[in-house]
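Keep the structure in view while reading.

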Amino acid sequence: MPGIVEYIYLNIVDEVNERLLQYNCEDVTIELLADLLLPVLWQHKEEAHIIFGSQLPFRLIGPISDRTWKWAEKHFNSLIKKHGLANYFTAQELLRYFNAQLITILTLWLEADIPIAYEKFRPKFIFFMSTPINELIFKGTK
C-alpha cells in the first residue's frame, strides 16, 4: 500500500511540475503557484486527502525538492546571497524549507474532513504563504 500511495503522490507532483516548469522560477508568484497547484490537487482531492493525511509529503520533501532543483537552483542561490544565509543554509535546504511550508499549508486544507473547494481556499493559501508566522501568531493580523 505505501508504494501505491507514493506512486500516486509522485504522479500528482509530476502533473504540477509539468505546469510549473513552463515558467522561469523567478517569474512564479504565489498567485501563479496557487493557480497551477490548487486545481491539480483539487482534481485529485480524494487521493490528496489520503496522501496529505498520511504525512507522506513531509517524508518526501528531499526527493520532491530534487525534482525541481535544477529549475530553482539559480533563484534559490540568489536568495541565499540576498538574505545572508550562506553560513547557515544551502540553497537546496532553503528550497526544502519552502516546500515544507507549502506542504504544511496544503495539509491544513486537504486533511480536513471536507476540504473547501480550491477557489475558496485560494485566498487563504495566498494569505498563509504571504504572512510570516510571527505576524500570524504573535502580532496578529490587521
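Contact here means heavy atoms within 4.5 Å. On that basis, and leaving aside neighbours within four places in sequence, Tyr9 is in contact with Ile51, Phe52, Leu56, Pro57, Leu60, Ile64 and Ile103. The model is predicted. Tyr9 is also among the residues with the most contacts inside the largest nonpolar core.

**Nonpolar cores**

- The largest nonpolar core has 33 residues.
- Its residues with the most contacts inside the core are Tyr9, Leu41, Phe52, Leu106, Trp109 and Phe125.
- At least two residues of this core come from each of helix 1 (2-20), helix 2, helix 3, helix 5 (61-82), helix 6 and helix 7.
- Helix 2 gives the largest share, 9 residues.
- Another core lies apart from this one and has 10 residues, including Phe76, Leu79, Leu94 and Leu95.

**Helix 6 against helix 7**

- Two packed helices are described by the angle between their axes and the distance between the axes.
- For helix 6 (residues 91-110) and helix 7 (residues 118-130), the axes come within 11 Å and cross at roughly 140°.
- The crossing of helix 6 and helix 7 is right-handed.
- From helix 6, the residues in this contact are Phe98, Gln101, Leu102, Ile105, Leu106 and Trp109.
- They meet Tyr118, Phe121, Phe125, Phe128 and Met129 in helix 7.
- By class, the residues of the contact of helix 6 with helix 7 are 10 nonpolar, 1 polar and no charged.
- Leu106, Trp109 and Phe125 take part in this contact, and these three are also listed among the residues with the most contacts inside the largest core.

**Aromatic pairs**

- A pair of aromatic rings is described by the distance of the centres and the angle of the planes.
- The count comes to 6 aromatic pairs.
- Which geometry do the rings of Tyr9 and Phe52 adopt? Their centres are 6.2 Å apart and their planes stand at 85°, so the pair is edge-to-face.
- This pair links distant parts of the chain, with Tyr9 in helix 1 and Phe52 in helix 3, 43 residues apart.
- Tyr9 and Phe52 are both buried.
- Trp109 and Phe121 form a stacked pair, at 4.6 Å centre to centre and 5° between the planes.
- That pair also links distant parts of the chain: Trp109 is in helix 6 and Phe121 in helix 7, 12 residues apart.
- Trp109 counts as buried because its relative accessibility is 3%, under the 20% cut-off.
- Phe121 is buried too, with a relative accessible area of 6%.
- Ring pairs join Trp42, Trp109, Phe121 and Phe125 into a cluster.

- Asn99 is found in helix 6.
- Its relative accessible area is 11%, so Asn99 is buried.
- Leaving aside neighbours within four places in sequence, Asn99 is in contact with Ile61 and Ser65.
- His44 sits in the loop between helix 2 (30-43) and helix 3 (45-53).
- Is His44 buried or exposed? At 16% relative accessibility, His44 counts as buried.
- Not counting residues up to four places away in sequence, His44 touches Ile12 and Glu15.

**Backbone at Gln55**

- Most residues other than glycine have a negative phi.
- Gln55 has a positive phi of about 70° although it is not a glycine.
- Gln55 is placed in the loop between helix 3 and helix 4 (56-59).
- With a relative accessible area of 33%, Gln55 is partly exposed.

- Tyr23 lies in the loop between helix 1 and helix 2.
- Tyr23 counts as partly exposed, at 34% relative accessibility.
- Which residues does Tyr23 touch, not counting residues up to four places away in sequence? They are Val28, Leu32, Leu36 and Trp71.
- The C-alpha atoms of Tyr23 and Trp71 are separated by 9.3 Å, although the two are 48 residues apart along the chain.
- Asp14 lies in helix 1.
- At 31% relative accessibility, Asp14 counts as partly exposed.
- Asp14 and Phe89 are 27 Å apart in space, C-alpha to C-alpha, and 75 residues apart in sequence.

Methods:
Residues are numbered from 1 along each chain as its sequence is written. This is a predicted model: local features need pLDDT of at least 70, side-chain atom pairs count only at pLDDT 80 or more; totals for chains, interfaces and linings use all residues. Side-chain values use heavy atoms; hydrogens and water are left out. Axes are lines fitted to C-alpha atoms, for helices over the stretch in contact, and angles run from 0 to 180 degrees between N-to-C directions. Helices (H or I, at least four residues) and strands (E, at least two) are DSSP runs, numbered from the N terminus. A crossing is left-handed if the near helix is turned anticlockwise from the far one by less than a right angle, and right-handed if clockwise. Ala, Val, Leu, Ile, Met, Phe, Trp, Tyr, Cys and Pro count as nonpolar, Asp, Glu, Lys and Arg as charged, and the others, Gly among them, as polar. Buried means under 20% relative accessible area, exposed over 50%, partly exposed in between (1.4 Å probe, protein chains only). A nonpolar core is a set of buried Ala, Val, Leu, Ile, Met, Phe, Trp, Tyr and Cys residues joined through side-chain atoms within 4.5 Å. Rings of Phe, Tyr and Trp (its six-membered ring) pair if their centres lie within 6.5 Å; planes under 30 degrees apart count as stacked, over 60 as edge-to-face and the rest as tilted.
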